[in-house]
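Please look over the sequence and the three-dimensional structure below before reading on. The briefing that follows takes up the model, its parts and some single residues in turn.

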Amino acid sequence: ATPTSIMAGSGRAAELGILFKGGEHLEQTRYINTVVIDKTGTITNGNPELTDVYVTEGMSERLFLSFLGSIERKSEHPIAQAIVQGIRKRGIELRDVRQFETIPGYGVKGIVNQKEVIVGTRQLMEQYKMNISTVVPLMEQLESKGKTAILASVGGQLAGVVAVADTVKESSKKAIERLQKMKLEVIMITGDNTRAAQAIAKQVGISQIIAEVLPEEKAAEVKKLQKMGKKVAMVGDGINDAPALAVADIGIAMGTGTDIAMEAADITLIRGDLNSIADAISISYKTMRNIK
Ligand code: ADP
Ligand code: MG
């Protein structure tokens with residue numbers, strides 16, 4: 001590879017908002033045959049909204065939302081921010097929280113008004129031996145629409161279910177179609193529930209998903225694909241994605257995401273538009289073709 005053609009390729013890419021960290025990444029990108037894409041904030045806009053609230057019998061909705069919002073105010077998770085915003089809009093007052101804890105990949109907990117409040121996935125509730133059978137059909141119904149359903153207990157009793165919904169970026173479907181036309185294998189990866197993940201994947205034409213992946217397991221999933229002989233590009237925006245971006249053959253960060261993801265990646269997509277993935281790969285093909 002001549003330095004001149006690499007520079008020309010990098011320049012063309014930069015005009016499209018694609019920043020390669022080094023010339024070697026521009027050269028290597030053409031070998032990619034598998035693209036693993038994070039869901040939240042990468043395929044979707046990552047600004048979920050609170051859409052549904054259900055309480056169990058005997059629980060008042062306002063009281064429930066007050067417990068829930070108080071706990072979520074302590075969390076930085078986008079889901080928590082959506083929940084707090086939705087609750088504040090309803091004019092509900094939030095309370096102090098003691099012993100707040102984040103359980104990565106599962107949810108949060110703490111003590112509000114001397115009651116233990118636990119918020120998160122069904123797996124989290126199961127860990128605390130909570131009986132959730134009455135709300136499983138409701139959760140499945142929400143998830144089949146692509147919403148993320150979240151359970152909350154107050155004082156050891158299941159108290160309610162809320163759902164948040166994120167929207168798919170307008171550009172995602174077309175961008176994924178382009179990758180598939182280039183004969184690349186496209187896989188969606190997420191910590192979210194399988195059913196919700198499938199609903200989002202369907203909207204953008206992805207048939208392969210890896211869901212319910214714990215934050216620290218994304219990198220291991222990428223390694224598994226590499227062991228199968230695949231050349232993997234990982235695309236993500238979050239702190240959770242950074243280890244996977246680092247182990248992938250090519251790590252691609254969204255410029256709209258966290259600094260940690262950009263630091264771990266080989267390419268940054270300034271526009272946060274997945275069409276830039278196909279652009280980056282074709283620039284790599286073209287650059288290397290000019291060299292030979
Ligand atoms: P992702 O952001 O890709 O969904 P995470 O690993 O951060 O993945 O979270 C996995 C799941 O854990 C979420 O989909 C949600 O159901 C639950 N969860 C995590 N944090 C919270 C929180 N603060 N409040 C409620 N649920 C949460
Ligand atoms: Mg994300």
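A residue is called buried if 20 or more other C-beta atoms lie within 10 Å of its own, exposed if 12 or fewer do, and partly exposed in between, with the C-beta atoms placed from the backbone. By that rule Ala152 is buried, because 27 other C-beta atoms lie within 10 Å. This is a predicted model, in which local features need a pLDDT of at least 70 and side-chain atom pairs count only at pLDDT 80 or more, while totals for chains, interfaces and linings use all residues. Residues are numbered from 1 along each chain as its sequence is written, and chains are lettered from A and ligands numbered from 1 in the order in which they are written.

**Confidence of the prediction**

- The mean pLDDT of the protein (the predictor's confidence in each residue, from 0 to 100) is 96, and 99% of the residues reach 70 or more.
- For the complex, the predictor gives an ipTM of 0.95 and a pTM of 0.92.

**Two domains**

- The domain assignment, whose bounds come from an automatic or database source, divides the protein into domain 1 (3-45 + 168-291) and domain 2 (49-165).
- The centres of the two domains, taken over C-alpha atoms, are separated by 32 Å.
- Counting two residues as in contact if their C-beta atoms, placed from the backbone, lie within 7 Å, 11 residues of domain 1 are in contact with 10 residues of domain 2.
- On the side of domain 1 that touches domain 2, helix H9 (residues 194-204) gives the most, with five residues; helices (H or I, at least four residues) and strands (E, at least two) are DSSP runs, numbered from the N terminus.
- That side of domain 1 has five nonpolar, four polar and two charged residues, where Ala, Val, Leu, Ile, Met, Phe, Trp, Tyr, Cys and Pro count as nonpolar, Asp, Glu, Lys and Arg as charged, and the others, Gly among them, as polar.

- A residue is near a molecule or strand if its C-beta atom, placed from the backbone, lies within 6 Å of it, and of the 19 residues around ligand 1, Ser75, His77, Ala80, Gly105 and Gly191 come nearest.
- Helix H5 (78-89), strand E5 (107-112), strand E6 (115-120) and strand E7 are the elements that give two or more residues to this shell.
- By class, the shell around ligand 1 has seven nonpolar, 10 polar and two charged residues.
- Ligand 1 lies between domain 1 and domain 2, because both domains give residues to the shell around it.

**Nonpolar cores and two of the buried residues**

- A nonpolar core is a set of buried Ala, Val, Leu, Ile, Met, Phe, Trp, Tyr and Cys residues joined through C-beta atoms within 7 Å, and in the largest one, of 51 residues, Met234, Ile252 and Ile277 touch the most other members.
- Ile252, found in strand E12 (residues 250-254), is buried, with 31 other C-beta atoms within 10 Å.
- Not counting residues up to four places away in sequence, Ile252 touches Ala233, Met234, Val235, Ala265, Ile267, Leu269 and Ile277; Ala265 is 13 residues from Ile252 in sequence and 5.3 Å from it in space, C-alpha to C-alpha.
- Ala152 is found in strand E7 (residues 148-154) and touches Leu68, Val117, Ile118, Val119, Ala159 and Gly160, leaving aside residues up to four places away in sequence.
- Ala152 and Val119 are 33 residues apart in sequence, and their C-alpha atoms are 4.3 Å apart in space.

- Thr40 is found in helix H3 (residues 39-43) and counts as buried, with 25 C-beta neighbours inside 10 Å.
- Leaving aside neighbours within four places in sequence, Thr40 is in contact with Gly46, Pro78, Asp166, Thr190 and Asp192.
- Thr40 and Gly251 are 211 residues apart in sequence and 17 Å apart in space, C-alpha to C-alpha.

**Positive phi angles**

- Most residues other than glycine have a negative phi.
- Gln99, placed in strand E4 (residues 98-103), has a positive phi of about 50° although it is not a glycine, and Gln99 counts as exposed, with 9 C-beta neighbours inside 10 Å.
- Glu212, in the loop between strand E10 (208-210) and helix H10 (218-227), has a positive phi of about 55° and is not a glycine either; Glu212 is partly exposed, with 16 other C-beta atoms within 10 Å.
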